[in-house]
Amino acid sequence: MMNFSQTIRERRTIRKFNTSPVSRELVASLINEAASLYESEGTPRWRCIYAGTPESRERLADYMMAKMLDSKLGKLIPAKMIAKRVTDIPAHLLVVAESGADQRESDENYAAACSIMQTLQLLAWERGLGVLWDTEPFVQSESFLASIGVREGERFVGTLHLGYFDKAPKGRKRTPAEQKWTVLHGGGELPGRLTDAAALSESSILDTLNTAVWAPNDGMREPWRFIFVTGGEEAGGNAEVPLPGSGQAHLLVVTKEESDPHKREEDYAAVCCLIQNFELLAKSKPWGVRRTRPEWIYDPKPCRLYGVEPGERIAAVLELGVENAQPPANFAAPRVNWFEL
């Protein structure tokens, strides 16, 4: 089994690839394995569009150039250079998610796609394959999205550019989780349902978070913070407070809400990657984690009771100390919808 802790810390975004080919079979294997490591109640809806042949890479370059030439970047960089950059990268995986009937469902679909993309990056790194997660806004025009086959009711999540590389860049430090950590003690006790209850402590959770924060995030904005809620009167004795208080602990993962829509989506994606890191790391722990997205997190009033400020929202509530760390009863590894460009 992969050493997730080591891989999460060692993985780097790769921007310069060599000419070694990447097999379609390898990319298909990676996306299917990544999908199997995402646990969710229900069936998130997302799919992939793959460009890995010379012909499909040429088509992708044409679609991107049509928009780039109208942008400031397109006026500064020769069109041939733009096209060559796209066609020289061996493989491209474009990911889209269904919008959903409401925000909760849309969030679940988008979070699933982001989490699986993050796991794919880790699996790829283990095989010596580099990845660049690209969400450049200047190519996300209606014409580009229509050209690559994005349908009505879907949203573009991002493109993973994949290839082998000769040199990895140095890592950049992350802010310790302790500096983004708030504790709300209810009864002063952590969950007692565990085989080894002492293993679930503030320090053990912070240790795990300090690896999980090595998640990709544009410009190193680190748009997350954490609210740790333990059981007791404060957590569950108040009818207005939605978390149960009898011997449970929860980690509320909060994300900033930027005014710029593109930054807001990028930041939410980064938080989803962090959460996925945390869940992958928890697989080796004697305590379990269950990711939830309850209805109340979309209501500002109960969120304020936990200290969520204007310009923030809860991305997910992690139930900690879930016995045996088993997937949900109705969990089944999703079948990946895969299309060739």
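This is a predicted model: local features need pLDDT of at least 70, side-chain atom pairs count only at pLDDT 80 or more; totals for chains, interfaces and linings use all residues.
Biologist: Let's begin with charged side chains. How many salt bridges does the structure hold?

Modeller: The general idea is friendly enough: side chains of opposite charge can pair when their charged atoms come close. In this structure there are 16 salt bridges. One of them joins the side chains of Glu33 and Arg127, with N to O at 3.2 Å. Glu33 sits in helix 2 (residues 24-36) and Arg127 in the loop between helix 6 (103-126) and strand 3 (129-134), so this pair ties together parts that are 94 residues apart in sequence.

Biologist: What does Glu39 pair with?

Modeller: Its side chain meets that of Lys283 in a salt bridge of 3.0 Å, N to O. This pair links distant parts of the chain, 244 residues apart: Glu39 is in the loop between helix 2 and strand 1 (46-51), and Lys283 is in the loop between helix 10 (261-282) and strand 8 (289-292). Buried means under 20% relative accessible area, so Glu39, with 19%, counts as buried. Lys283 has 35% and counts as partly exposed.

Biologist: Which residue does Asp107 meet in a salt bridge?

Modeller: Asp107 meets Arg313, side chain to side chain, at 2.8 Å from N to O. Asp107 belongs to helix 6 and Arg313 to strand 9 (residues 312-320), 206 residues apart, so here too distant parts of the chain are linked. Both residues are buried. There is also a network of salt bridges, which links Asp218, Arg221, Glu266 and Asp267.

Biologist: Now to helices. How should I read helix 10, and how many of its residues are buried?

Modeller: As a general idea, an α-helix has 3.6 residues a turn, so residues three or four places apart point the same way. Helix 10 has 22 residues and reaches 32 Å from its first C-alpha to its last, close to the 32 Å expected at 1.5 Å a residue. Of those 22 residues, 17 are buried, so helix 10 is largely enclosed by the rest of the structure.

Biologist: Which residue caps the N-terminal end of helix 10?

Modeller: That is Asp260: one of its side-chain oxygens lies 3.1 Å from the backbone nitrogen of His262.

Biologist: And the sheet? In what order do its strands run?

Modeller: In general, strands of a sheet pair through backbone hydrogen bonds, either parallel or antiparallel. This open sheet has five strands in the order 3-4-2-1-10, with mixed pairing. Strand 3 and strand 10 (338-340) are at the edges with a single partner strand each, so one side of each has no neighbour in the sheet. From one strand to the next, the twist averages 25°. Strands 1 and 10 pair in the parallel sense over three bridges, and Ile49 stands opposite Phe339 in strand 10.

Note on methods: Residues are numbered from 1 along each chain as its sequence is written. Side-chain values use heavy atoms; hydrogens and water are left out. A salt bridge is a side-chain nitrogen of Lys or Arg within 4 Å of a carboxyl oxygen of Asp or Glu. Helices (H or I, at least four residues) and strands (E, at least two) are DSSP runs, numbered from the N terminus. Buried means under 20% relative accessible area, exposed over 50%, partly exposed in between (1.4 Å probe, protein chains only). The expected span of a helix is 1.5 Å times one less than its number of residues. A polar contact is a pair of N or O atoms within 3.5 Å; within protein, one must be able to donate a hydrogen and the other to accept it, and residues adjacent in sequence count only if both atoms are side-chain atoms. Two strands pair if DSSP finds at least two bridges between them. Axes are lines fitted to C-alpha atoms, for helices over the stretch in contact, and angles run from 0 to 180 degrees between N-to-C directions.
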